[in-house]
Amino acid sequence: MKSKSISRRDFLRTAGVGTAVLFTGGTFANLLSGCSLAEEAVRPAATLQSTPLRSSPANLTGLEIALSAIEDRVDILPGGATPVWRYQGEVLKGAASVLQTLPGSYLGPVLRLRRGQQVRVQFNNALIDPSIIHWHGLHLPEDMDGHPRYAVPAGQNYTYEFTVNNRAGTYWFHPHPHQLTGPQVYYGLAGLFLVSDEEEDEAGLPIGEYDIPLVIQDRTFDADNRLVYLPNGMMDQMNGFLGDRILVNGKPDFTLPVEAGVYRLRLLNGSNSRVYKLAWEDGLPLVVIATDGGLLEKPIKRDYVTLGPGERIELWADFSERRLGSDMRLVSLPFTAGGGGMMGGMMGGMGGMMGNSGALPNGARFEVLRVRIEKKASERHLLPEKLSTISRYQLKDSVNARKPRNFDLFMQQMTGTINGRRFQMDAVADDEVVRLNDLEVWQFANLGGGMGMMGGGSLPHPMHIHGVQFQVLERQVEQAFRSEYRTVSAGFVDEGWKDTVLVMPGERVRVLIKFDDYTGLYLYHCHNLEHEDAGMMRNYRVKA
Ligand code: C2O
Ligand code: CU
Ligand code: CU
């Protein structure tokens, strides 16, 4: 009934899945059995040859993984399983330890790879919709990056073959089909891609069971435990989906049992549009050791960390002073940035009208997870002073230091646009072409404008650029937005490598990006997945 207010055909089709097709069950049971995967047609080999791999495959060859996007049912809440879509993985060739399953979760496997390692991934799309995997944060040739133009229809395969050349860090993978990324991630398709390297080995961080991935997402369930996507129709599409329950690693009321020792916590904001302002409830500072693109040079303390959709942060969490049997809570603190003004007012009004006033607004205070100190520690760890080396880009080395490439972010006819444009599959404007090996300054400006009553500029936009890791150069905020900006700004960790940067209302963010190794067509977009699906995404081209 509510989905009627959403007009796009693609979306209607997907929204229908939540109530009809997902419940047929059974059809995908034999997915990975037998050798059907190996026998099915793969993409023509030509797509694999177009761009040379950066580093030679070294001695770590022969890893082959099958990843299938399947329909499944998973127990999330008491009282009955929830139909989901999820990635199911299997190591076809190589060490089984590369793939770690999160037990009982809809989330995909955690892939643990080494820098320099060569991998082949056979993606099988067993959904009813087209799909393709994007490796968020990885530096890859364009045809390995999961651009929507490579989406494969239901029942088809796509073969990825690449060398992992990113630094050690917490990356992730998720679907990227045209206009369907939001629903596919929402119904469960996402997984972590953890890279390790020698530099990280030397930092002496906790490993094994002391290295914990934590994927934070919000979801809404109906009375039958089914996932509800965009319950407020157009308002949700415009603002981005906000669920009324917080899940960690696919579980509600998540509790992490620990020893009274030191942990490495890898946090991914895997939510469609929610921004988190993460803090320990007792006010102890967070010790941040890494951002999107891996380790910082040294640990940094923050009272809280602001994490937009798609962003990652890693924490050094020392529980050694904690009493056995005690709890510690990670919370999201209240903030007022975004969703204010006319749009927030309208959203509140509509929410009330549609009986959704109980949903957690962006900026609400809530608990994210609990840590329970259960045992004495078996080991002692000291916080390393040095974590890694980051070579700093210099503004003076950029080709456009005086004239940043500017991207205006604003809402037009209820959807986000970039420089007034929306996504077109193959289109690249003249001002979206960069040269291979150039260092550039890009500026994202979230200043509103171009809009009447909806008061553009009142939403945060987590801007993500495919294929690169960049460095944040500076942030500026308009006077009128300063007080709300201050409710989140101390939580930005701009000291490390980033692939996604939160651009708050009234803010201009400048980043330095180098386009090396690969030419071709890549995406940049808002990682609010509803904004992305509605067209707040564009191509850029790297040209030799
Ligand atoms: Cu994580 Cu283009 O996306
Ligand atoms: Cu990405
Ligand atoms: Cu956005």
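1. His531 is buried, at 1% relative accessibility. Cys526 is buried too, with a relative accessible area of 0%. Buried means under 20% relative accessible area, with a 1.4 Å probe and protein chains only.

2. This is a predicted model, in which local features need pLDDT of at least 70, side-chain atom pairs count only at pLDDT 80 or more, and totals for chains, interfaces and linings use all residues. Residues are numbered from 1 along each chain as its sequence is written, chains are lettered from A and ligands numbered from 1 in written order, and side-chain values use heavy atoms, without hydrogens or water.

3. The largest nonpolar core has 53 residues. Such a core is a set of buried Ala, Val, Leu, Ile, Met, Phe, Trp, Tyr and Cys residues joined through side-chain atoms within 4.5 Å. Among the members touching the most others are Ile65, Leu111 and Trp135. Strand E1 (63-74) is one of the strands supplying at least two residues. E1 gives the largest share, 5 residues. Domain 1 (45-197) and domain 2 (210-376) both contribute, so this core lies between them.

4. Leu111 touches Ile65, Trp135 and Phe193, among others, leaving aside residues up to four places away in sequence. Contact means heavy atoms within 4.5 Å.

5. A second, separate core has 45 residues, including Trp316 and Val493.

Terms used: Buried < 20%, exposed > 50% of the residue type's maximum accessible area, 1.4 Å probe, protein only. Helix = DSSP H or I, 4+ residues; strand = E, 2+ residues; numbered from the N terminus. Domains from an automatic or database assignment.
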